[in-house]
Amino acid sequence: MTIPNRQLYIGGAWTRPVKGKTFDVYSPSSGSKIGTIPAATAEDVDKAVSAALNTFKSGVWSKTTGAHRANFLRAIAEKVKEKKSDLAKLETTDMGKPIQEAEWDMDDVAGCFEYYAELAEKLDKRQGEPLQLPVDEFKGKIKREPLGVVGLITPWNYPMLMAAWKVAPALAAGNCCVLKPSEVCSLTCLEMAAIMHEVKLPPGVFNIITGTGVEAGAPLSSDKRLAKVAFTGSVVSGRKVNVCAASNGIPTTMELGGKSALLVFDDADVEKAVEWCMFGVFWTNGQICSSTSRLLVQEDVAPAFYEQLKKRAESIKQCDPLTEDCRMGPVVNQDQYDKIMGFIEDAKKEGGELLTGGKRPPGLDQGYFVQPTVFTGMKPHMRLWREEVFGPLLAAMTFKTEEEAVQLANASEFGLAGAVISADEQRCARVAEALEVGIMWVNCSQPCFCQAPWGGNKASGHGRELGEWGLEAYLSVKQITTYVSKDRWDWYPVSKL
(Lines give C-alpha, C1' and ligand atoms only; values in the text may rest on other atoms or scores of the structure.)
Protein backbone atom coordinates (compact mmCIF):
# COMPACT_ATOMS: atom_id res chain seq x y z
CA MET A 1 0.00 0.00 0.00
CA THR A 2 1.02 3.64 -0.41
CA ILE A 3 2.53 5.14 2.74
CA PRO A 4 1.05 8.60 3.46
CA ASN A 5 3.56 11.43 3.35
CA ARG A 6 3.19 13.22 6.68
CA GLN A 7 5.12 15.80 8.67
CA LEU A 8 5.09 16.64 12.35
CA TYR A 9 1.73 17.94 13.57
CA ILE A 10 2.20 21.04 15.72
CA GLY A 11 -0.32 23.73 16.59
CA GLY A 12 -2.91 22.36 14.18
CA ALA A 13 -0.59 22.33 11.14
CA TRP A 14 1.68 19.86 9.38
CA THR A 15 5.17 21.14 10.09
CA ARG A 16 8.56 20.13 8.71
CA PRO A 17 11.22 19.38 11.35
CA VAL A 18 13.41 22.38 12.11
CA LYS A 19 16.51 20.47 11.00
CA GLY A 20 14.73 18.77 8.10
CA LYS A 21 15.70 15.30 9.31
CA THR A 22 13.86 12.10 8.39
CA PHE A 23 14.32 8.38 8.90
CA ASP A 24 13.32 5.41 6.81
CA VAL A 25 10.47 2.98 7.42
CA TYR A 26 11.02 -0.71 6.64
CA SER A 27 8.58 -3.55 6.10
CA PRO A 28 8.88 -6.33 8.71
CA SER A 29 7.59 -8.78 6.09
CA SER A 30 10.29 -8.08 3.48
CA GLY A 31 12.94 -5.94 5.16
CA SER A 32 12.63 -3.43 2.33
CA LYS A 33 12.21 0.32 2.64
CA ILE A 34 8.58 1.45 2.29
CA GLY A 35 8.70 5.12 3.21
CA THR A 36 10.06 7.88 5.43
CA ILE A 37 8.79 9.83 8.41
CA PRO A 38 9.98 13.10 9.97
CA ALA A 39 12.63 12.99 12.70
CA ALA A 40 12.00 15.59 15.38
CA THR A 41 14.71 17.14 17.53
CA ALA A 42 14.70 19.30 20.66
CA GLU A 43 13.74 22.37 18.62
CA ASP A 44 10.57 20.67 17.41
CA VAL A 45 9.76 19.46 20.92
CA ASP A 46 9.99 23.05 22.13
CA LYS A 47 7.59 24.21 19.41
CA ALA A 48 5.11 21.43 20.18
CA VAL A 49 5.10 22.05 23.94
CA SER A 50 4.78 25.80 23.36
CA ALA A 51 1.80 25.28 21.06
CA ALA A 52 0.13 22.97 23.56
CA LEU A 53 0.78 25.32 26.48
CA ASN A 54 -0.58 28.37 24.66
CA THR A 55 -3.73 26.48 23.75
CA PHE A 56 -4.16 25.16 27.28
CA LYS A 57 -3.84 28.63 28.77
CA SER A 58 -6.32 30.05 26.27
CA GLY A 59 -9.06 27.87 27.76
CA VAL A 60 -10.40 26.94 24.34
CA TRP A 61 -10.18 23.30 25.43
CA SER A 62 -9.28 23.23 29.12
CA LYS A 63 -12.20 25.43 30.20
CA THR A 64 -14.88 23.70 28.15
CA THR A 65 -17.39 21.21 29.49
CA GLY A 66 -16.85 17.48 29.36
CA ALA A 67 -19.88 17.25 27.07
CA HIS A 68 -18.21 19.60 24.60
CA ARG A 69 -15.03 17.54 24.59
CA ALA A 70 -17.06 14.33 24.27
CA ASN A 71 -18.41 15.53 20.92
CA PHE A 72 -14.89 15.65 19.54
CA LEU A 73 -13.95 12.27 21.01
CA ARG A 74 -16.97 10.66 19.38
CA ALA A 75 -16.14 12.34 16.07
CA ILE A 76 -12.63 10.88 16.31
CA ALA A 77 -14.09 7.43 17.00
CA GLU A 78 -16.36 7.69 13.96
CA LYS A 79 -13.42 8.62 11.73
CA VAL A 80 -11.45 5.63 13.00
CA LYS A 81 -14.38 3.36 12.17
CA GLU A 82 -14.71 4.95 8.74
CA LYS A 83 -11.02 4.44 8.01
CA LYS A 84 -10.70 1.07 9.79
CA SER A 85 -9.63 -0.97 6.77
CA ASP A 86 -6.90 1.44 5.64
CA LEU A 87 -5.65 2.02 9.18
CA ALA A 88 -5.44 -1.72 9.86
CA LYS A 89 -3.51 -2.33 6.64
CA LEU A 90 -1.12 0.50 7.50
CA GLU A 91 -0.61 -0.91 11.01
CA THR A 92 0.13 -4.38 9.66
CA THR A 93 2.45 -3.01 6.98
CA ASP A 94 4.39 -1.01 9.56
CA MET A 95 4.43 -3.40 12.52
CA GLY A 96 3.85 -6.90 11.11
CA LYS A 97 0.91 -8.11 13.17
CA PRO A 98 -1.74 -10.22 11.36
CA ILE A 99 -4.36 -8.10 9.61
CA GLN A 100 -7.24 -9.47 11.66
CA GLU A 101 -5.43 -8.45 14.85
CA ALA A 102 -4.86 -4.96 13.41
CA GLU A 103 -8.57 -4.70 12.54
CA TRP A 104 -9.39 -5.69 16.12
CA ASP A 105 -7.01 -2.98 17.31
CA MET A 106 -8.85 -0.35 15.28
CA ASP A 107 -12.16 -1.41 16.82
CA ASP A 108 -10.52 -1.00 20.23
CA VAL A 109 -9.16 2.45 19.29
CA ALA A 110 -12.66 3.63 18.37
CA GLY A 111 -14.11 2.00 21.48
CA CYS A 112 -11.54 3.73 23.68
CA PHE A 113 -12.45 7.19 22.39
CA GLU A 114 -16.16 6.40 22.79
CA TYR A 115 -15.65 5.18 26.34
CA TYR A 116 -13.80 8.30 27.40
CA ALA A 117 -16.43 10.45 25.70
CA GLU A 118 -18.92 8.91 28.13
CA LEU A 119 -16.64 9.56 31.09
CA ALA A 120 -16.10 13.16 29.95
CA GLU A 121 -19.85 13.72 30.05
CA LYS A 122 -20.11 12.11 33.48
CA LEU A 123 -17.31 14.36 34.66
CA ASP A 124 -19.62 17.37 34.32
CA LYS A 125 -22.07 15.81 36.77
CA ARG A 126 -19.27 15.07 39.25
CA GLN A 127 -18.06 18.67 39.38
CA GLY A 128 -18.93 20.36 42.65
CA GLU A 129 -19.57 17.12 44.53
CA PRO A 130 -20.09 18.05 48.22
CA LEU A 131 -17.69 17.01 50.94
CA GLN A 132 -19.04 15.68 54.21
CA LEU A 133 -17.35 17.92 56.76
CA PRO A 134 -17.52 17.41 60.54
CA VAL A 135 -18.61 21.00 61.36
CA ASP A 136 -21.51 23.15 60.18
CA GLU A 137 -19.51 26.37 59.86
CA PHE A 138 -17.91 25.18 56.63
CA LYS A 139 -19.12 23.69 53.38
CA GLY A 140 -16.78 21.91 50.98
CA LYS A 141 -16.93 20.69 47.45
CA ILE A 142 -14.63 19.08 44.92
CA LYS A 143 -13.62 20.31 41.49
CA ARG A 144 -11.68 18.18 39.02
CA GLU A 145 -9.41 20.10 36.67
CA PRO A 146 -7.08 19.17 33.80
CA LEU A 147 -3.39 19.01 34.65
CA GLY A 148 -2.03 21.06 31.75
CA VAL A 149 0.26 19.88 28.96
CA VAL A 150 0.98 16.16 29.10
CA GLY A 151 3.81 14.34 27.33
CA LEU A 152 2.78 10.92 26.03
CA ILE A 153 5.43 8.41 24.94
CA THR A 154 4.11 5.21 23.37
CA PRO A 155 5.52 1.86 22.14
CA TRP A 156 5.67 0.15 18.76
CA ASN A 157 3.69 -3.05 19.43
CA TYR A 158 0.25 -1.41 19.45
CA PRO A 159 1.05 1.95 17.85
CA MET A 160 -2.40 3.49 17.46
CA LEU A 161 -4.09 1.64 20.30
CA MET A 162 -1.46 2.51 22.93
CA ALA A 163 -1.66 6.13 21.77
CA ALA A 164 -5.45 6.03 22.19
CA TRP A 165 -5.08 4.66 25.73
CA LYS A 166 -3.27 7.88 26.65
CA VAL A 167 -4.69 10.47 24.28
CA ALA A 168 -8.38 9.70 24.85
CA PRO A 169 -8.43 10.13 28.66
CA ALA A 170 -6.01 13.06 28.50
CA LEU A 171 -8.29 14.92 26.08
CA ALA A 172 -11.44 13.90 27.96
CA ALA A 173 -9.98 15.51 31.08
CA GLY A 174 -9.25 18.77 29.22
CA ASN A 175 -5.48 18.51 28.84
CA CYS A 176 -3.41 19.37 25.79
CA CYS A 177 -1.07 16.67 24.49
CA VAL A 178 2.29 16.13 22.89
CA LEU A 179 2.52 12.56 21.61
CA LYS A 180 5.90 10.94 20.88
CA PRO A 181 5.31 7.49 19.38
CA SER A 182 8.09 4.95 18.99
CA GLU A 183 10.24 5.70 15.97
CA VAL A 184 10.01 1.99 15.11
CA CYS A 185 6.30 2.26 14.20
CA SER A 186 4.74 5.72 13.88
CA LEU A 187 2.59 5.58 10.76
CA THR A 188 -0.87 5.17 12.30
CA CYS A 189 -0.09 7.73 15.00
CA LEU A 190 0.52 10.27 12.25
CA GLU A 191 -2.85 9.26 10.81
CA MET A 192 -4.37 9.93 14.22
CA ALA A 193 -3.17 13.51 13.79
CA ALA A 194 -4.83 13.61 10.38
CA ILE A 195 -8.09 12.51 12.01
CA MET A 196 -7.76 15.20 14.69
CA HIS A 197 -7.34 17.71 11.88
CA GLU A 198 -10.39 16.40 10.02
CA VAL A 199 -12.67 16.72 13.05
CA LYS A 200 -11.36 20.28 13.59
CA LEU A 201 -9.90 19.72 17.04
CA PRO A 202 -8.71 23.18 18.19
CA PRO A 203 -5.10 23.82 17.12
CA GLY A 204 -2.56 22.93 19.79
CA VAL A 205 -4.78 20.49 21.68
CA PHE A 206 -3.05 17.51 20.05
CA ASN A 207 0.52 17.59 18.74
CA ILE A 208 2.70 14.75 17.47
CA ILE A 209 6.47 14.61 17.16
CA THR A 210 8.01 11.50 15.61
CA GLY A 211 11.65 10.86 16.38
CA THR A 212 14.13 8.84 18.39
CA GLY A 213 14.19 8.57 22.14
CA VAL A 214 17.44 10.48 22.34
CA GLU A 215 16.52 13.36 20.02
CA ALA A 216 12.79 13.71 20.77
CA GLY A 217 11.82 11.56 23.78
CA ALA A 218 14.49 12.88 26.14
CA PRO A 219 13.81 16.58 25.43
CA LEU A 220 10.10 15.97 25.86
CA SER A 221 10.37 14.13 29.19
CA SER A 222 12.81 16.80 30.44
CA ASP A 223 10.60 19.78 29.55
CA LYS A 224 9.78 21.74 32.72
CA ARG A 225 6.50 23.00 31.27
CA LEU A 226 4.87 19.56 31.29
CA ALA A 227 2.33 18.69 33.96
CA LYS A 228 2.72 14.92 33.51
CA VAL A 229 4.57 12.29 31.49
CA ALA A 230 2.94 8.96 30.64
CA PHE A 231 5.21 6.28 29.24
CA THR A 232 4.81 2.73 27.93
CA GLY A 233 7.91 0.83 26.88
CA SER A 234 10.98 -0.97 28.14
CA VAL A 235 12.23 -0.88 31.72
CA VAL A 236 15.52 0.71 30.66
CA SER A 237 13.89 3.52 28.67
CA GLY A 238 11.17 4.04 31.25
CA ARG A 239 13.63 4.55 34.05
CA LYS A 240 15.45 7.18 31.99
CA VAL A 241 12.19 8.99 31.28
CA ASN A 242 11.22 8.77 34.95
CA VAL A 243 14.51 10.33 36.04
CA CYS A 244 14.13 13.17 33.52
CA ALA A 245 10.61 13.96 34.69
CA ALA A 246 11.40 13.54 38.39
CA SER A 247 14.27 16.03 38.13
CA ASN A 248 11.60 18.64 37.41
CA GLY A 249 9.10 17.31 39.95
CA ILE A 250 6.81 16.10 37.17
CA PRO A 251 4.59 13.08 37.99
CA THR A 252 4.65 10.03 35.74
CA THR A 253 2.70 6.94 34.85
CA MET A 254 4.97 4.05 33.85
CA GLU A 255 3.96 0.80 32.14
CA LEU A 256 7.23 -1.07 31.70
CA GLY A 257 6.44 -4.58 30.61
CA GLY A 258 6.79 -7.90 32.35
CA LYS A 259 7.49 -11.59 32.41
CA SER A 260 4.07 -12.88 33.34
CA ALA A 261 3.32 -16.42 34.46
CA LEU A 262 0.49 -18.75 33.42
CA LEU A 263 -0.25 -21.49 35.99
CA VAL A 264 -1.98 -24.63 34.68
CA PHE A 265 -3.22 -27.18 37.23
CA ASP A 266 -3.85 -30.85 36.64
CA ASP A 267 -7.64 -30.49 36.75
CA ALA A 268 -7.63 -28.11 33.76
CA ASP A 269 -9.18 -28.99 30.41
CA VAL A 270 -5.96 -29.54 28.45
CA GLU A 271 -7.30 -28.49 25.06
CA LYS A 272 -8.76 -25.24 26.37
CA ALA A 273 -5.69 -24.52 28.49
CA VAL A 274 -3.35 -25.00 25.51
CA GLU A 275 -5.43 -22.58 23.44
CA TRP A 276 -5.19 -19.89 26.12
CA CYS A 277 -1.50 -20.64 26.61
CA MET A 278 -0.82 -20.01 22.92
CA PHE A 279 -2.99 -16.90 22.81
CA GLY A 280 -1.18 -15.59 25.88
CA VAL A 281 2.29 -15.82 24.34
CA PHE A 282 1.92 -15.83 20.53
CA TRP A 283 -0.70 -13.06 20.12
CA THR A 284 0.80 -9.98 18.42
CA ASN A 285 3.68 -12.21 17.29
CA GLY A 286 4.65 -12.52 20.95
CA GLN A 287 5.40 -8.79 21.17
CA ILE A 288 3.15 -7.80 24.04
CA CYS A 289 4.08 -6.45 27.47
CA SER A 290 1.62 -8.69 29.30
CA SER A 291 2.64 -11.86 27.47
CA THR A 292 2.24 -14.90 29.72
CA SER A 293 5.61 -16.11 28.51
CA ARG A 294 6.38 -18.19 31.61
CA LEU A 295 4.37 -21.43 31.76
CA LEU A 296 4.05 -23.34 35.01
CA VAL A 297 2.26 -26.65 34.45
CA GLN A 298 1.52 -29.22 37.15
CA GLU A 299 3.62 -32.39 36.83
CA ASP A 300 0.80 -34.91 36.32
CA VAL A 301 -0.70 -33.07 33.36
CA ALA A 302 2.59 -31.84 31.82
CA PRO A 303 3.17 -34.71 29.33
CA ALA A 304 -0.32 -34.41 27.80
CA PHE A 305 -0.11 -30.62 27.87
CA TYR A 306 3.28 -30.48 26.14
CA GLU A 307 2.17 -32.98 23.49
CA GLN A 308 -0.88 -30.90 22.63
CA LEU A 309 1.05 -27.62 22.82
CA LYS A 310 3.69 -28.85 20.37
CA LYS A 311 1.03 -30.02 17.92
CA ARG A 312 -0.96 -26.81 18.12
CA ALA A 313 2.03 -24.46 17.97
CA GLU A 314 3.29 -26.18 14.84
CA SER A 315 -0.12 -25.67 13.20
CA ILE A 316 -0.09 -21.86 13.54
CA LYS A 317 -0.23 -20.28 10.09
CA GLN A 318 2.72 -17.97 9.45
CA CYS A 319 2.70 -15.96 6.23
CA ASP A 320 2.34 -12.44 4.84
CA PRO A 321 0.46 -10.72 7.70
CA LEU A 322 -1.87 -9.04 5.21
CA THR A 323 -3.26 -12.51 4.37
CA GLU A 324 -6.70 -12.78 5.93
CA ASP A 325 -6.15 -16.04 7.83
CA CYS A 326 -2.59 -15.31 8.98
CA ARG A 327 -2.15 -16.06 12.67
CA MET A 328 1.49 -15.00 13.13
CA GLY A 329 3.46 -12.45 11.18
CA PRO A 330 7.08 -11.29 11.42
CA VAL A 331 8.63 -9.59 14.41
CA VAL A 332 9.08 -5.88 13.99
CA ASN A 333 12.66 -5.44 12.73
CA GLN A 334 16.16 -6.88 12.40
CA ASP A 335 17.18 -5.80 15.90
CA GLN A 336 14.25 -7.62 17.45
CA TYR A 337 14.85 -10.69 15.29
CA ASP A 338 18.50 -10.83 16.37
CA LYS A 339 17.54 -10.37 20.03
CA ILE A 340 15.04 -13.25 19.87
CA MET A 341 17.53 -15.56 18.15
CA GLY A 342 20.04 -14.68 20.87
CA PHE A 343 17.56 -15.77 23.54
CA ILE A 344 17.03 -19.06 21.69
CA GLU A 345 20.75 -19.79 21.55
CA ASP A 346 21.22 -18.89 25.21
CA ALA A 347 18.33 -21.16 26.22
CA LYS A 348 19.98 -24.06 24.40
CA LYS A 349 23.37 -23.37 26.01
CA GLU A 350 21.83 -23.18 29.48
CA GLY A 351 20.18 -26.56 29.14
CA GLY A 352 16.65 -25.69 28.03
CA GLU A 353 14.85 -28.43 26.10
CA LEU A 354 13.53 -27.22 22.73
CA LEU A 355 10.00 -28.60 22.35
CA THR A 356 9.27 -26.87 19.06
CA GLY A 357 10.34 -23.95 16.87
CA GLY A 358 13.58 -22.07 17.34
CA LYS A 359 14.19 -21.19 13.70
CA ARG A 360 13.00 -19.15 10.76
CA PRO A 361 9.90 -20.85 9.28
CA PRO A 362 10.51 -22.70 6.00
CA GLY A 363 9.50 -20.79 2.88
CA LEU A 364 9.72 -17.37 4.55
CA ASP A 365 13.23 -16.30 3.61
CA GLN A 366 12.60 -12.54 3.64
CA GLY A 367 11.58 -10.37 6.55
CA TYR A 368 11.85 -11.14 10.24
CA PHE A 369 9.82 -14.31 10.79
CA VAL A 370 10.44 -16.55 13.83
CA GLN A 371 8.70 -19.84 14.49
CA PRO A 372 6.52 -20.08 17.61
CA THR A 373 9.05 -21.50 20.03
CA VAL A 374 8.67 -23.46 23.28
CA PHE A 375 11.41 -24.48 25.71
CA THR A 376 10.65 -26.91 28.52
CA GLY A 377 12.84 -27.94 31.45
CA MET A 378 13.46 -24.32 32.38
CA LYS A 379 15.18 -23.36 35.65
CA PRO A 380 14.71 -20.10 37.58
CA HIS A 381 18.27 -18.89 36.85
CA MET A 382 17.93 -19.19 33.07
CA ARG A 383 17.83 -15.98 31.04
CA LEU A 384 14.74 -16.98 29.05
CA TRP A 385 12.86 -17.56 32.31
CA ARG A 386 13.90 -14.25 33.86
CA GLU A 387 14.02 -11.63 31.10
CA GLU A 388 11.36 -10.10 28.86
CA VAL A 389 11.87 -11.18 25.24
CA PHE A 390 9.12 -9.48 23.24
CA GLY A 391 8.86 -12.35 20.79
CA PRO A 392 7.08 -15.71 20.28
CA LEU A 393 9.12 -17.59 22.92
CA LEU A 394 7.56 -19.60 25.75
CA ALA A 395 9.60 -20.79 28.74
CA ALA A 396 8.00 -23.75 30.59
CA MET A 397 8.66 -25.67 33.77
CA THR A 398 6.66 -28.02 35.98
CA PHE A 399 5.56 -27.79 39.61
CA LYS A 400 4.18 -30.13 42.24
CA THR A 401 2.07 -28.01 44.59
CA GLU A 402 0.05 -24.81 44.50
CA GLU A 403 2.43 -23.20 46.99
CA GLU A 404 5.42 -23.99 44.80
CA ALA A 405 3.68 -22.61 41.71
CA VAL A 406 2.86 -19.32 43.44
CA GLN A 407 6.41 -19.00 44.76
CA LEU A 408 7.89 -19.56 41.29
CA ALA A 409 5.45 -17.12 39.68
CA ASN A 410 6.22 -14.38 42.21
CA ALA A 411 9.99 -14.88 42.04
CA SER A 412 10.34 -12.22 39.34
CA GLU A 413 11.36 -8.58 39.24
CA PHE A 414 8.18 -7.93 37.22
CA GLY A 415 4.56 -7.77 38.34
CA LEU A 416 2.38 -6.81 35.40
CA ALA A 417 0.05 -9.78 34.87
CA GLY A 418 -0.61 -13.38 35.75
CA ALA A 419 -3.04 -16.15 34.82
CA VAL A 420 -4.36 -19.36 36.34
CA ILE A 421 -6.26 -22.20 34.68
CA SER A 422 -8.04 -24.70 36.91
CA ALA A 423 -11.49 -26.24 37.38
CA ASP A 424 -11.28 -25.45 41.10
CA GLU A 425 -12.85 -22.02 41.69
CA GLN A 426 -11.46 -21.72 45.22
CA ARG A 427 -7.95 -22.51 44.00
CA CYS A 428 -8.29 -19.89 41.27
CA ALA A 429 -9.38 -17.34 43.87
CA ARG A 430 -6.41 -18.19 46.12
CA VAL A 431 -3.92 -17.91 43.27
CA ALA A 432 -5.45 -14.69 41.99
CA GLU A 433 -5.02 -13.16 45.44
CA ALA A 434 -1.50 -14.54 45.94
CA LEU A 435 0.14 -13.39 42.70
CA GLU A 436 1.94 -10.04 43.00
CA VAL A 437 0.54 -8.46 39.84
CA GLY A 438 -1.70 -5.64 38.69
CA ILE A 439 -3.70 -7.74 36.21
CA MET A 440 -4.98 -11.25 36.91
CA TRP A 441 -6.72 -13.58 34.47
CA VAL A 442 -8.67 -16.67 35.53
CA ASN A 443 -9.18 -19.47 32.98
CA CYS A 444 -7.97 -17.20 30.19
CA SER A 445 -5.03 -15.02 29.16
CA GLN A 446 -4.77 -11.56 27.57
CA PRO A 447 -8.37 -10.23 27.51
CA CYS A 448 -8.20 -6.44 27.74
CA PHE A 449 -11.08 -3.98 28.10
CA CYS A 450 -10.84 -0.21 28.21
CA GLN A 451 -13.23 -0.23 31.17
CA ALA A 452 -10.74 -2.17 33.35
CA PRO A 453 -7.55 -0.75 34.93
CA TRP A 454 -4.21 -1.63 33.34
CA GLY A 455 -0.81 -1.48 35.01
CA GLY A 456 1.60 -3.43 37.16
CA ASN A 457 3.70 -3.65 40.29
CA LYS A 458 7.42 -3.94 41.00
CA ALA A 459 9.61 -3.30 37.91
CA SER A 460 6.52 -3.33 35.70
CA GLY A 461 5.89 0.30 36.61
CA HIS A 462 3.47 2.42 38.59
CA GLY A 463 0.11 4.04 38.06
CA ARG A 464 -2.88 2.74 36.13
CA GLU A 465 -4.29 3.38 32.69
CA LEU A 466 -7.76 2.65 31.31
CA GLY A 467 -11.08 2.62 33.11
CA GLU A 468 -12.06 5.47 35.38
CA TRP A 469 -8.54 5.27 36.81
CA GLY A 470 -7.16 6.28 33.42
CA LEU A 471 -9.22 9.48 33.49
CA GLU A 472 -8.32 10.30 37.10
CA ALA A 473 -4.64 10.03 36.17
CA TYR A 474 -5.05 13.14 34.00
CA LEU A 475 -7.04 15.20 36.51
CA SER A 476 -6.10 17.38 39.45
CA VAL A 477 -8.50 17.38 42.39
CA LYS A 478 -9.20 20.75 44.00
CA GLN A 479 -11.07 21.20 47.26
CA ILE A 480 -13.12 24.40 47.66
CA THR A 481 -14.04 25.14 51.26
CA THR A 482 -16.33 28.02 52.21
CA TYR A 483 -16.98 29.53 55.64
CA VAL A 484 -20.78 29.84 55.78
CA SER A 485 -21.41 30.84 59.41
CA LYS A 486 -22.60 34.40 60.12
CA ASP A 487 -20.51 34.44 63.29
CA ARG A 488 -17.02 35.88 63.57
CA TRP A 489 -14.26 33.29 63.53
CA ASP A 490 -12.87 35.09 66.54
CA TRP A 491 -9.64 33.15 66.96
CA TYR A 492 -7.91 36.46 67.73
CA PRO A 493 -10.43 38.25 69.97
CA VAL A 494 -10.84 42.02 69.53
CA SER A 495 -9.26 43.90 72.41
CA LYS A 496 -11.76 45.48 74.82
CA LEU A 497 -9.43 48.35 75.66
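**View 1. Asp-223 and its salt-bridge partner in the predicted model.** Asp-223 counts as buried, because its relative accessibility is 10% and the cut-off for buried is under 20%. The residue forms a salt bridge with Arg-225, and the closest N and O atoms of the two are 2.9 Å apart. Arg-225 is partly exposed, with a relative accessible area of 30%. Side chains of opposite charge can pair when their charged atoms come close.

View 2. The side chains of Arg-430 and Glu-402 meet here, with an N to O distance of 2.7 Å. Glu-402 is buried at a relative accessible area of 15%, whereas Arg-430 is partly exposed at 41%.

**View 3. Other salt bridges of the model.** Elsewhere, Lys-33 and Asp-24 form a salt bridge through their side chains, at 3.3 Å from N to O. Asp-24 has a relative accessible area of 34% and is partly exposed. A search of the whole structure gives 31 salt bridges.

**View 4. Strand E8 and its two parallel partners, E7 and E9.** Six of the six residues of strand E8 (residues 176-181) are buried, so the strand is largely enclosed by the rest of the structure. Cys-176, Val-178 and Lys-180 lie on one side of E8, and Cys-177, Leu-179 and Pro-181 on the other. Strand E7 (residues 149-154) pairs with E8 in the parallel sense over six bridges, and Leu-152 has Leu-179 in E8 as its bridge partner. From E7 the chain passes through helix H5 (residues 159-173) to E8 in a right-handed β-α-β crossover. Three bridges join E8 in the parallel sense to strand E9 (residues 206-208), where Asn-207 stands opposite Val-178. E8, helix H6 (residues 187-198) and E9 also make a right-handed β-α-β unit.

**View 5. Strand E12 with strands E13 and E18.** Both faces of strand E12 (residues 261-264) are covered. Ala-261 and Leu-263 are buried on one side, and Leu-262 and Val-264 are buried on the other. E12 pairs in the parallel sense with strand E13 (residues 294-298) over four bridges, and Val-264 stands opposite Val-297 in E13. The path from E12 to E13 runs through helix H9 (residues 270-282), and this β-α-β crossover is right-handed. Strand E18 (residues 417-421) is also a parallel partner of E12, again over four bridges. There, Val-420 is the bridge partner of Leu-263.

**View 6. An open sheet of three strands, in the order E5-E6-E22.** The pairing in this sheet is antiparallel. Strand E5 (129-131) and E22 stand at the edges with a single partner strand each, so one side of each is left without a neighbour in the sheet. From one strand to the next, the twist averages 35°. Strand E6 (residues 138-146) and E22 run antiparallel and are joined by nine bridges. Lys-141 has Ile-480 in E22 as its bridge partner.

**View 7. A nonpolar surface patch that includes Tyr-492.** Tyr-483, Trp-489, Trp-491 and Tyr-492 make up this patch of about 600 Å². Tyr-492 lies in the segment after strand E22 (475-483). Tyr-492 counts as exposed because its relative accessibility is 68%, and the cut-off for exposed is over 50%.

**View 8. Positive phi at Gln-446 and Lys-458.** Most residues other than glycine have a negative phi. Phi of Gln-446 is near 85°. Gln-446 is found in the loop between strand E19 (439-442) and strand E20 (457-458), and this residue counts as buried at 7% relative accessibility. Lys-458 lies in strand E20 and has a phi near 55°. Lys-458 is partly exposed, with a relative accessible area of 38%.

How values were computed. Residues are numbered from 1 along each chain as its sequence is written. This is a predicted model: local features need pLDDT of at least 70, side-chain atom pairs count only at pLDDT 80 or more; totals for chains, interfaces and linings use all residues. Side-chain values use heavy atoms; hydrogens and water are left out. Patches are made of residues with over 30% relative accessible area and no salt bridge: like charges are joined within 9 Å, nonpolar side chains (Val, Leu, Ile, Met, Phe, Trp, Tyr) within 5 Å. Accessible areas come from the Shrake-Rupley method with a 1.4 Å probe; for residues, only the protein chains shown count as cover. A salt bridge is a side-chain nitrogen of Lys or Arg within 4 Å of a carboxyl oxygen of Asp or Glu. Buried means under 20% relative accessible area, exposed over 50%, partly exposed in between (1.4 Å probe, protein chains only). Two strands pair if DSSP finds at least two bridges between them. A crossover is right-handed if, with the strands pointing away from the viewer, the path from the first strand over the helix to the second runs clockwise. Axes are lines fitted to C-alpha atoms, for helices over the stretch in contact, and angles run from 0 to 180 degrees between N-to-C directions.
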